[in-house]
Amino acid sequence: MESLLKSFRKKNAISVIMNRQKRFAAADDSVPSGTDAARELARALHPKKQYVKVAAVTERAADVKSFTLVPDPARGTESLAWFGAGKYLTVFVTINGMPVTRAYSISSAPKDTLEGKYELTVKLVDGGLVSRYILDNWAVGTEVTVSAPEGNFEYQPLRDAKTVIGLAGGSGITPFLSMAQAIRDGDEDFELILLYGSRNKDNILFFDKLAALEKACPRFKVVHVLSDADAEAGEGFEKGFITAELIRKYAPQDAPYSVFLCGPQQMYAFVDKELEKLGLERKYIRHEMFGEFHNPAAQPDYPAGVPETVKITVTQAGETKTVEGSSNDSVLQILEKNGIAAPARCRSGECGWCHSLLISGEVYCPKQLEFRRMADKQFGFIHPCCSFPLTDLVLDVPEAK
Amino acid sequence: MSNNYDVIVIGAGNGGLAAAAECARAGLKTLLLEKHNIPGGSASSFVRGRFEFEPSLHELCTVGTPEKPENVGQVFQELGAKVDWRTHNSTYRLIVPAKEDDPEGFVGENGVRVKVDAAMPVGFEAFSRKLDSIVPGSYEPSMKIFKLSTLMFEAFDMLGSGKVNPVKLMTKYGDVFKMMSHTAKECMDEVGLPEKAQGIFTAYWCYLGGPPMRIDMLYYMAMMHGYIKGGASMPHLRSHEMSCAIDKVIRDNGGEIRYNSEATKVLMKDGKPCGVEINGKTEVYGRYIICNVHPNFALPDLFPADQIPEDAKKKANGRPVAATLYTVYLGMNRTKEELGFHDYSVFIAPTADSDEQFHLSQGKMGGGYVIINCMNEAIPDCSPEGTSILFLTGICYGDVMQGVKPQDYKKMKTKVADEMITRCEKTLGLSIKPYIEEIEIGLPPTFSRYLNTPYGSPYGYQLDMWDSMLPRTIQYGKDQPFDNFLFCGASQERGDGYGSAYYTGQKAAGIVIKKFKEGK
Ligand SMILES: Cc1cc2nc3c(=O)[nH]c(=O)nc-3n(C[C@H](O)[C@H](O)[C@H](O)COP(=O)(O)OP(=O)(O)OC[C@H]3O[C@@H](n4cnc5c(N)ncnc54)[C@H](O)[C@@H]3O)c2cc1C
Ligand code: FES
């Protein structure tokens with residue numbers, strides 16, 4: 001057959017190899033550096049764990065405390081990871097042999113990390129396990145282990161409107177406090193109008209700090225919304241609940257705005273209905289995560305005839321155990337209650353850290369918390385933090401690193 | 001369970017998945033370790049709001065049909081891994097914007113001044129005709145190139161069949177050897193493809209990371225041929241579907257997979273690897289280790305410094321790292337029709353010359369070109385009704401993050417994404433920004449974090465003429481640091497791409513399986 005590449009001569013494979021060998025022979029024979037700027041940056045932003053110590057405790061109200069956390073070089077953390085305002089840390093604690101995790105939004109300014117400081121603010125939840133433990137046990141000097149900053153409840157200039165109406169309830173103030181400070185420091189670039197719901201004046205967290213921030217930063221405004229019937233109101237206060245009407249009153253009249261929500265689950269249920277009345281595009285409404293889900297049996301689509309207790313056979317790093325638990329608890333909780341540490345960050349179905357394989361059995365996942373990848377559903381992967389057992393289960397759960 | 005394995009595979013990227021699946025299917029006691037909590041490496045997905053994004057896959061060129069599967073299709077069929085493939089019948093559209101005063105400029109389809117606007121169809125004949133209509137005189141040379149690549153695949157088939165006829169190989173397929181040892185540029189010149197047509201012909205170069213001046217024609221056509229011949233395929237549920245399907249094959253065949261399990265050390269005995277330390281605490285032992293981690297990180301991270309063979313160190317230091325991609329993922333609250341998209345892939349290039357595009361991408365982001373993909377063109381139901389998914393990709397080389405502090409990183413991400421989106425809006429004459437409902441921006445540190453590769457590059461080592469597929473293939477054995485420790489993935493002979501990675505995993509597994517059969 002006639003060649004289409006007539007003028008080319010075939011190169012001898014041996015000469016090609018010799019040429020390559022020559023290049024290698026001349027190369028540096030030191031151990032490869034194993035690093036570069038991209039890797040260093042990834043490591044700085046996403047440390048596997050951060051080992052910190054409580055440096056200060058501040059009482060914010062009855063059963064609400066802020067904890068200042070600083071690096072603990074003795075355990076290997078020299079500096080704290082930078083974060084975008086709105087992110088949370090997952091706290092790892094062991095209570096009576098139970099390895100558990102909880103998410104807390106960082107309430108300090110991103111800039112404070114450069115001085116080696118994070119602040120978490122923990123509010124007691126009635127009957128709550130971890131909030132109670134932290135409030136009772138954390139004191140100056142306590143060694144604490146936290147995750148890297150996590151989450152997606154952040155301002156994104158290419159997506160969000162220039163003005164954000166922040167809707168906060170109770171301890172849901174924490175991410176907004178960080179955002180307001182980030183705006184003041186020039187780390188974020190947007191207008192924040194915060195409608196902060198509290199029962200009465202005495203219940204407002206960070207009242208002075210919010211007022212000072214408002215003074216220092218013209219792009220931040222706070223309106224306290226007090227729900228107690230006899231709450232005193234006045235300049236800068238509103239009475240009642242966060243309603244569509246109230247949002248309209250403070251939102252820009254002739255420009256788009258985004259609404260960010262962070263607060264207790266009951267607040268989401270109420271405010272979501274109000275937001276519907278505003279007819280905003282979905283892209284302009286963002287929720288911080290739902291938090292841990294309780295009492296699945298109250299859901300309308302929860303099946304009948306679920307046994308009270310179930311057996312879970314779980315393989316983790318090659319070892320298999322069988323444990324028992326209540327069908328009212330999430331799979332993650334059952335594992336923890338049996339002393340099995342499982343990977344988790346958000347505990348709200350969203351982050352995917354707890355991703356595990358369900359080999360047999362059935363679970364219930366509330367619709368609001370269904371953030372699994374599509375193929376996961378097809379191949380039997382679940383998020384144990386928001387999966388409730390309906391039958392006995394066989395699971396493969398990754399090691400909690 | 002005993003902690004002794006026949007083979008331990010480090011890393012569940014495409015290479016590691018394929019390797020573990022082959023080993024498990026051959027009945028070897030197999031352990032696959034992955035530091036992330038899901039399989040796939042690049043081949044996964046992530047959820048934001050009501051969107052599920054594809055992190056890496058633009059298109060797969062060799063899936064074929066269920067009746068006649070091609071390379072990647074065959075891998076899945078042989079493994080028994082089921083994937084719901086979606087094929088689409090388009091290649092790419094290359095647009096080179098023109099300045100106002102550029103004499104070559106004209107007003108293109110979108111009402112924007114361009115120098116090149118080439119929407120290329122599938123099919124050798126149709127592609128060549130279209131090329132000719134843009135650059136007269138291109139038809140014959142273009143058809144010659146496809147003739148060469150057709151010959152090349154025939155030669156591959158013969159080599160693969162095991163019935164090699166050396167005389168026929170040298171006489172009938174002599175040109176194939178020439179393609180192997182000449183650059184794409186040299187070959188295009190030799191068949192007389194006009195300069196301007198060459199830029200259009202090689203627009204896919206970014207998927208290989210090497211420009212036509214530096215990669216051999218065989219390598220370029222091995223990819224190009226498949227795309228033009230049969231269009232491209234995508235898994236219906238993002239790459240995560242493919243990775244889950246292989247995960248299942250491994251487990252169904254008795255293999256063990258551990259996620260969240262980072263190999264932190266290779267255990268040595270008598271100067272040879274004998275096991276792996278996991279997460280700095282657990283030890284497991286294996287006769288063979290297949291490693292999907294890039295050698296430039298695997299060697300210093302996993303081995304004691306005095307146990308790395310000199311040759312391995314020189315090879316790691318002597319080979320430039322390939323391209324890094326960076327991507328903006330957009331969940332749009334409008335349909336593709338409402339937005340005005342009707343192409344799956346648009347390549348927006350600052351210049352028509354591929355080699356110049358390569359030079360503009362050195363050491364920085366934003367210099368080279370932007371690929372914009374509209375996923376709904378390939379998979380109409382990939383996002384909820386009334387929405388669509390776009391992703392924008394750029395290419396860069398080297399340590400582009402130098403000097404960037406953690407506190408500046410978010411602003412940098414926004415700036416890079418803003419520039420890319422703005423460029424797309426201007427070039428396509430449409431509006432994107434007001435409709436962004438979800439956005440995620442992956443820059444080199446993002447990929448570094450998930451892939452654990454130098455500069456976050458997904459492409460392995462630069463496939464240059466001196467280190468092309470040919471010498472890599474011949475020297476495969478010599479490139480491995482120990483005879484029971486084999487690398488697989490993009491760093492190996494075929495470079496980047498899903499198909500290449502699966503191939504290298506299967507190849508490493510094949511070697512291990514053979515040695516077991518021989519009782520070694
Ligand atoms: C992203 C994110 C950020 C957060 N940021 C903060 C923050 O900044 N500050 C803060 O204080 N908190 C924050 N939280 C909440 C925090 O993580 C904890 O959820 C909170 O401290 C409660 O934990 P606990 O262990 O005390 O309560 P849990 O032990 O988890 O119990 C929660 C409550 O549920 C009730 N309950 C238990 N079982 C049932 C059942 N079957 N049916 C009905 N009710 C039941 C309990 O009685 C209790 O009242 C955040 C959560 C998320 C997801
Ligand atoms: S811990 Fe985040 S999804 Fe389960």
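**Figure 1. Polar contacts between the two domains of chain B.** Across the interface of domain 1 of chain B and domain 2 of chain B, 6 residue pairs are in polar contact, with both partners at pLDDT 80 or more. The side of domain 1 of chain B that touches domain 2 of chain B is made up of 6 nonpolar, 4 polar and 4 charged residues. The model shown here and in the other panels is predicted.

**Figure 2. The salt bridge between domain 1 and domain 2 of chain B.** The count between these two domains is 1 salt bridge. A salt bridge joins the side chains of B:Asp464 and B:Arg214, at 2.8 Å from N to O. B:Asp464 falls in the 460–517 segment of domain 1, and B:Arg214 in domain 2, which spans 123–228.

**Figure 3. Domain layout and domain contact in chain B.** Taken over C-alpha atoms, the centres of the two domains are 29 Å apart. Domain 1 of chain B puts 14 residues into the contact, and domain 2 of chain B puts in 17 residues. About 1400 Å² is buried between the two domains, and carbon and sulfur atoms give 55% of this area.

**Figure 4. The interface between chain B and chain A.** Chain B brings 101 residues to the contact and chain A brings 75 residues. The area buried between the two chains is about 7700 Å², with 59% given by carbon and sulfur atoms. On the chain B side, B:Lys178, B:Lys410 and B:Trp466 lose the most area to chain A; together they account for 9% of what that side buries.

**Figure 5. Salt bridges and polar contacts between chain B and chain A.** Between the chains there are 11 salt bridges. One of these pairs the side chains of B:Glu262 and A:Lys48, at 2.9 Å from N to O. Polar contacts between chain B and chain A number 39 residue pairs, counted where both residues have pLDDT 80 or more.

**Figure 6. Helix H16 and the make-up of the chain B side.** Among the 39 residue pairs in polar contact and the 11 salt bridges between chain B and chain A, this view turns to the chain B surface. Helix H16 of chain B, residues 406–428, gives the most to the side that touches chain A, with 9 residues. By class, that side of chain B holds 39 nonpolar, 20 polar and 42 charged residues.

Definitions and conventions
Residues are numbered from 1 along each chain as its sequence is written. Chains are lettered from A and ligands numbered from 1 in the order in which they are written. This is a predicted model: local features need pLDDT of at least 70, side-chain atom pairs count only at pLDDT 80 or more; totals for chains, interfaces and linings use all residues. Side-chain values use heavy atoms; hydrogens and water are left out. Domain bounds come from an automatic or database domain assignment. Contact means heavy atoms within 4.5 Å. Buried area is the accessible area (1.4 Å probe) that two parts lose on being put together, summed over both. A salt bridge is a side-chain nitrogen of Lys or Arg within 4 Å of a carboxyl oxygen of Asp or Glu. A polar contact is a pair of N or O atoms within 3.5 Å; within protein, one must be able to donate a hydrogen and the other to accept it, and residues adjacent in sequence count only if both atoms are side-chain atoms. Ala, Val, Leu, Ile, Met, Phe, Trp, Tyr, Cys and Pro count as nonpolar, Asp, Glu, Lys and Arg as charged, and the others, Gly among them, as polar. Helices (H or I, at least four residues) and strands (E, at least two) are DSSP runs, numbered from the N terminus.
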